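The structure is shown first, and the description follows.

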Amino acid sequence: MDIISGFQKISELGTTVRDKQTLINVSEVWHLWDHLSERYSILNTTIIFRNFARDNDLKMVLDSGVKTLAQQVTELEAVLGEYGIQLPYRPPTDVVSAAQYEAIDDKYIFRRVFRGIQSFVETHAEAFLGSTSPTIRQKFKKYSIEEMDLYDKLIEYGKLKGFTMEPPPYRV
Amino acid sequence: MLLDKKVLKLYVEVAKTMEGLLIEFGIPLPDRYPERVTAIGNIEIVTDKYIFMTMFDTVQSIVSLAARSFTQSMSPYIRKKFKKILLANVKIFDVIIEYGKIKNYLTMPPVYRQ
């Protein structure tokens, strides 16, 4: 809740990193660290696949994904730094490859990114459920909602392009 | 008051939404619980903490379930309904967890560093 997380921020104003570590619990630390390392890995994958994408609008979709991810990574790094939590290793800044593999086509790239986001929505919900302090819970809630909006758009794009696979319909 | 005004109201709405969806698509509905419960045997067992913990566990599992349902639905119409349910449950989870912390019903996980 906004009011309560506001109170928490005010009460944490003068505290040192060491003191802040007594306010956060182990479950939140795990989720924060896990989210950051998953985001690094997805960022790396997306940057690599950006090289192999052939369709211009898929390139645009991947670019906007990279932009959102980079912004979330910066935010998460700031939070982890605030609580003095060890950061994971970062992937390389950029990957530029001139090779072209026929096997990695647009459909494969889309499916890979799409499945990643599908499982990510649940990860966000689990992280939200496991946090006790209001500021961190609010952060996960924000990411959850952003992820859901992104998922909505991505699935419609995928259906338009014929990249998604429909489960069997219900018929008695 | 928390139970009546927020939780009960939310779940009556969720139940109505789901019933509407099931009826629309012609899927058989499950049985319903009795409308009212008047006589309980051993009332000392049902403490406030017990009621709160049951409710807390339910809301937690519904948030997980709604998130999974959201990702697994293909049509935008159904997905929008699940998103609404998920957001309403997330909002009420925020309220419930703060209530639990104030009343000291919840056991907190260990702190990162003592």
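A residue is called buried when its relative accessible area is under 20%, exposed when it is over 50%, and partly exposed in between, with a 1.4 Å probe and protein chains only. By that scale B:Glu98 is buried, with a relative accessible area of 9%.

The model is predicted: local features need pLDDT of at least 70, side-chain atom pairs count only at pLDDT 80 or more, and totals for chains, interfaces and linings use all residues. Residues are numbered from 1 along each chain as its sequence is written, chains are lettered from A and ligands numbered from 1 in the order in which they are written, and side-chain values use heavy atoms, with hydrogens and water left out.

**Salt bridges**

Side chains of opposite charge can pair when their charged atoms come close. A salt bridge is taken here as a side-chain nitrogen of Lys or Arg within 4 Å of a carboxyl oxygen of Asp or Glu. By this rule there are 14 salt bridges over all chains.

| Pair | N to O distance |
|---|---|
| A:Arg50 and A:Asp63 | 2.8 Å |
| A:Asp149 and B:Lys83 | 2.5 Å |
| B:Glu98 and B:Lys101 | 3.8 Å |

Elements are named from DSSP runs numbered from the N terminus, where helices are H or I of at least four residues and strands are E of at least two. A:Arg50 forms its salt bridge with A:Asp63, and this pair links distant parts of the chain, from helix 3 (residues 26–52) to helix 4 (residues 56–82) of chain A, 13 residues apart. A:Arg50 is partly exposed at 27% relative accessible area, and A:Asp63 is partly exposed at 38%.

Which elements hold A:Asp149 and B:Lys83? A:Asp149 belongs to helix 6 of chain A and B:Lys83 to helix 3 of chain B, so the pair joins two chains. A:Asp149 is partly exposed, with 32% relative accessibility, whereas B:Lys83 is buried at 16%. Both residues also belong to a network of salt bridges that links A:Asp149, A:Asp152, A:Glu156, A:Lys159, B:Arg79 and B:Lys83.

B:Glu98 and B:Lys101 both lie in helix 3 of chain B, three residues apart, or about one turn of the helix. B:Lys101 is partly exposed, with a relative accessible area of 26%.

**Aromatic rings**

Rings of Phe, Tyr and Trp (its six-membered ring) pair if their centres lie within 6.5 Å; planes under 30 degrees apart count as stacked, over 60 as edge-to-face and the rest as tilted. The count comes to 14 aromatic pairs over all chains. One of them is the tilted pair of A:Phe110 and A:Tyr157, with 6.0 Å from centre to centre and 55° between the planes. A:Phe110 lies in helix 5 (residues 106–129) and A:Tyr157 in helix 6 (residues 134–161) of chain A, so the pair ties together parts that are 47 residues apart in sequence. Both A:Phe110 and A:Tyr157 are buried.

In chain B, the ring centres of B:Tyr99 and B:Tyr105 are 6.5 Å apart and their planes stand at 65°, so this pair is edge-to-face. B:Tyr99 is partly exposed at 31% relative accessible area, while B:Tyr105 is buried at 13%.

One aromatic cluster is formed by A:Phe110, A:Phe114, A:Tyr151, A:Tyr157, A:Phe163 and B:Phe70.

**Cavity and pockets**

Rolling a probe the size of a water molecule over the atoms shows where empty space is left. On a 1 Å grid over the protein atoms alone, a cavity is a set of points where a 1.4 Å probe fits but cannot get out; a pocket is an open set with protein on both sides within 12 Å along at least five of seven lines, and lining residues have an atom within 4 Å of a point. Grid points are joined across faces, edges and corners, and a volume is the space filled by probe spheres set on the points.

The whole structure has one cavity of 30 Å³ or more. The largest cavity has a volume of about 80 Å³, and its lining includes A:Phe128, A:Lys141, A:Met148, B:Val63 and B:Leu86. Helix 6 of chain A gives the most to this lining, with four residues.

The largest pocket has a volume of about 1700 Å³. It is lined by 34 residues, of which B:Leu8, B:Tyr11, B:Val12, B:Ala15 and B:Tyr33 lie nearest its centre. Helix 1 of chain B supplies the largest share of the lining of the largest pocket, twelve residues.
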